Protein chains: 2
Amino acid sequence: MNSILLHNVLLNGIPSDILVSEGRFSRIAGAGKISPESAAEVLDATGKAIIPALYNTHNHAAMTLMRGFADDMVLQKWLSDYVWPFEDKLTPADIHKGSEIAVEEMISSGSVFFSDMYFDIEQTIDVVEKRGMRAAIGITVMENHSLAVEAEKLDFIEHWSDPTGGRIQLVMAPHSVYTVGPEKLRRTAEYARNRGMRIHTHISETALEVQNCLKETGMTPVRYLDSLGFLGPDVIAAHCVHVDEEEWDILAERGVTVSHCPASNMKISSGRFPYELAIKSGCRITLGTDGASSNNNLDLREGMKLAALLAKCVSAGPDRSLSNIGNPELLPAEEVFRWATRNGAEAFGIDGGEIAEGRVADALLIDLSDVRMRPCHNLISNFVYSADSRCIAATICDGKIITDLCR
Amino acid sequence: MNSILLHNVLLNGIPSDILVSEGRFSRIAGAGKISPESAAEVLDATGKAIIPALYNTHNHAAMTLMRGFADDMVLQKWLSDYVWPFEDKLTPADIHKGSEIAVEEMISSGSVFFSDMYFDIEQTIDVVEKRGMRAAIGITVMENHSLAVEAEKLDFIEHWSDPTGGRIQLVMAPHSVYTVGPEKLRRTAEYARNRGMRIHTHISETALEVQNCLKETGMTPVRYLDSLGFLGPDVIAAHCVHVDEEEWDILAERGVTVSHCPASNMKISSGRFPYELAIKSGCRITLGTDGASSNNNLDLREGMKLAALLAKCVSAGPDRSLSNIGNPELLPAEEVFRWATRNGAEAFGIDGGEIAEGRVADALLIDLSDVRMRPCHNLISNFVYSADSRCIAATICDGKIITDLCR
């Protein structure tokens, strides 16, 4: 029997026993209330708290290979002189290596899932399968990229079945409005919907993208995509930095999920995410790291802190007579934690994001003895604002501990 | 003999042997070029890189006790309803405990020094002495605070001598223009200068502070302090968020050191630090964490990343026709690293901040095998943008390893 008993773990401040079997939380009771015999393995979790694990909704995992390769420069130079020439030389073995680094980094920093958009996806799938985490692997669609060979990919999709029995899903990933024409955008969405696949894309990451889209189509990216029938509850849109109030309403109405990537947006000066509009719209907001070459890590906990701080910094303050101050009440720790956990899980149809009987057993054990978790007036605040990966004693995905407990 | 040989450590990419004796780097040579017999202890540092350690120039260390105690609220409510009532109940033993947590956290995240401003300083001094790090301990001066008892403190200063033989200095810390009147500000600066003590204060942290100062004195805080003869090369001014171009020139001319505290400014919505003006002025800029209750950690490496990202996010972009984008070239990794290392050391007269023969031996050993440091196209970029405290294999202060290597 595949089962583990987490003994004496703190759940919402209460010492608890949690039985995990067949990948789910099968029983939760007070500490000492579940017999050790009911599980194949017992883990003494004294001094640890259990919280939901993180779901990273926008990544280009293998770009870890370009971590620190080109920083602190304008986007066009970064892409033309560094990223694209580097990518032109990548082999499948390189992608495997880059994916390994990415997956290790994500697991050790508390993510159990990532939504990816890159090339040579067989390599990334192989790593995810072996290391036990979850992923939504994007089939990248672009008009002109040496690595995006459409016919072969469609063939791949037709013959693919998830080797992990539920941890990996394929999604269609038309890259953006500026790299995919209207006909291909429409056909890709249709193709995905016919097969029940989700759709992962970039929307309004930069002001230039919006300017050019306006010039070419007479519409902003959100309105343009909506006019193509592209938007829907199966769409996960990364960035959405340059989105106006009416567009937020369109995204919310269509049920689009937004993946906010604070580190990347800040580092390459894409613009300031409109937190107030986004939150007011009621859109489902999730968090992504983006690729490590524009972040430069894949630590979604750090992403939570960045988002919560940036929201308070760039928002309009409650006292509008004082300029250049923000609203410290915007995006509290609990809310950004929900973005990174339950919202991310829901967007990809994963029944996680909560420690409750019947839910899939994706979770983190937090080491309350770590100095950054002390004192512990508020566990979620400490995790969002104070912790780092050192505080994560174990990452549990699909009912299995996938970190090395002895690290 | 108090000496250690760091064998085969990477220094600027070159495998090196580094002999540390009597608290300084006494000899640096190629790996294998220094005889193991020349040191009392040999540390095999294969796979580690050596870089300068971090100097945290603004802290209220014992406020770790309030970590996560009150988040996501406006400043006045935070202070009146939470911080001040909490502080009223603090005992010297509490301050000792809070300082212990702070010091452990700083050492494990790479800081060898902090400039502190709090109460019951004997407690903090005791912790710093025992744990082997450096500190500039502020004698807090305020007009009305139950814990700031002036006469006793002056007596303390007269009878104090550094028990560590050089790691601890006392500084005068008149809190701010809104908590200390002009006469006391003037006398405190004079007192400090007569004794060669540095002066640590808050300047222009919030827009409200500037508004009130204007109302009461007809001047902004920088101009007001300058009119009192307060500013000089011995002053370390925390925050300086609401400082205009002319004021930056005043600060630069007087040789004032600024302690920028990005996390705290963002979290309590103090305002957006004017990176472009600050950098253009030529002022010496350093980094601080501020207290853990408004951050909520004391990790200056995280502070470097926050500053570098925020600068790129809130600055004016190179293409001014595109609004709401910043300048990705502003505050590159190397520059913010200098803020956190050499600039901080220099501001407090510490001959550190560089790995060179003759300098004091304050340094970090970075574990290059950590997944967040891989690949390593650029060590400083990786440390600033990708690392977390897990990547720090050892913190060396005053020639001694003060972290537990086996952690």
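Modeller: The secondary structure of chain A consists of 13 helices and 16 strands. The model is predicted, and every value below is computed from it.

Along its principal axes, the C-alpha trace of chain A spans about 65 × 60 × 40 Å. Of the 407 residues in chain A, 59% are buried. Take the contacts in chain A between residues at least 6 apart in sequence: 71% of them join residues at least 24 apart. One pair of positions shows how sequence and space can part ways. A:Ser369 and A:Gly47 are 322 residues apart in sequence, yet their C-alpha atoms are 6.8 Å apart in space. A:Ser369 sits in the loop between strand 14 (363-367) and helix 13 (379-386) of chain A. It counts as exposed, because it has 11 C-beta neighbours inside 10 Å and the cut-off for exposed is 12 or fewer.

Now to the two copies.

Which parts of chain B supply at least two residues each to the side that touches chain A? In total, 54 residues of chain B are in contact with 54 residues of chain A. Helix 2 (92-108), helix 6 (207-217), helix 9 (262-267), helix 11 (300-314) and helix 13 (379-386) of chain B each supply at least two residues of that side. Helix 11 of chain B gives the most, with five residues. Sorted by class, the side of chain B that touches chain A has 23 nonpolar, 17 polar and 14 charged residues. As for the partner, 100% of the interface residues of chain B are also interface residues in chain A, so the copies meet through the same surface.

In chain B, B:Pro375 lies in the loop between strand 14 (363-367) and helix 13, and the peptide bond that joins B:Arg374 and B:Pro375 is cis, with omega about -15°. In chain A, A:Pro375 is in the loop between strand 14 and helix 13; the bond from A:Arg374 to A:Pro375 is cis as well, with omega near -15°. Most peptide bonds are trans, and most residues other than glycine have a negative phi.

A:Asn8, in strand 1 (residues 3-11) of chain A, has a positive phi of about 60° although it is not a glycine. A:Asp120, in the loop between strand 7 (111-118) and helix 3 (121-131) of chain A, is not a glycine either and has a positive phi of about 50°. A:Asn8 has 18 C-beta neighbours inside 10 Å and so counts as partly exposed. A:Asp120 also has 18 such neighbours and counts as partly exposed.

In helix 8 (residues 245-254) of chain B, the residues B:Glu247, B:Trp248 and B:Leu251 are buried. They cover an arc of only 105° around the axis, which puts them on the same side of helix 8 of chain B. What covers these buried residues includes helix 7 (221-227), strand 12 (257-260) and helix 10 (275-281) of chain B. Just after helix 8 of chain B, B:Gly255 takes a positive phi of about 75°.

Strand 6 (residues 54-59) of chain B is mostly covered, as six of its six residues are buried. It runs parallel to strand 7 (residues 111-118) of chain B, and four bridges join the two.

Conventions. Residues are numbered from 1 along each chain as its sequence is written. Chains are lettered from A and ligands numbered from 1 in the order in which they are written. This is a predicted model: local features need pLDDT of at least 70, side-chain atom pairs count only at pLDDT 80 or more; totals for chains, interfaces and linings use all residues. Two residues are in contact if their C-beta atoms, placed from the backbone, lie within 7 Å. Ala, Val, Leu, Ile, Met, Phe, Trp, Tyr, Cys and Pro count as nonpolar, Asp, Glu, Lys and Arg as charged, and the others, Gly among them, as polar. A residue is buried if 20 or more other C-beta atoms lie within 10 Å of its own, exposed if 12 or fewer, and partly exposed in between; C-beta atoms are placed from the backbone. The arc is that of the directions from the helix axis to the C-beta atoms. Two strands pair if DSSP finds at least two bridges between them.
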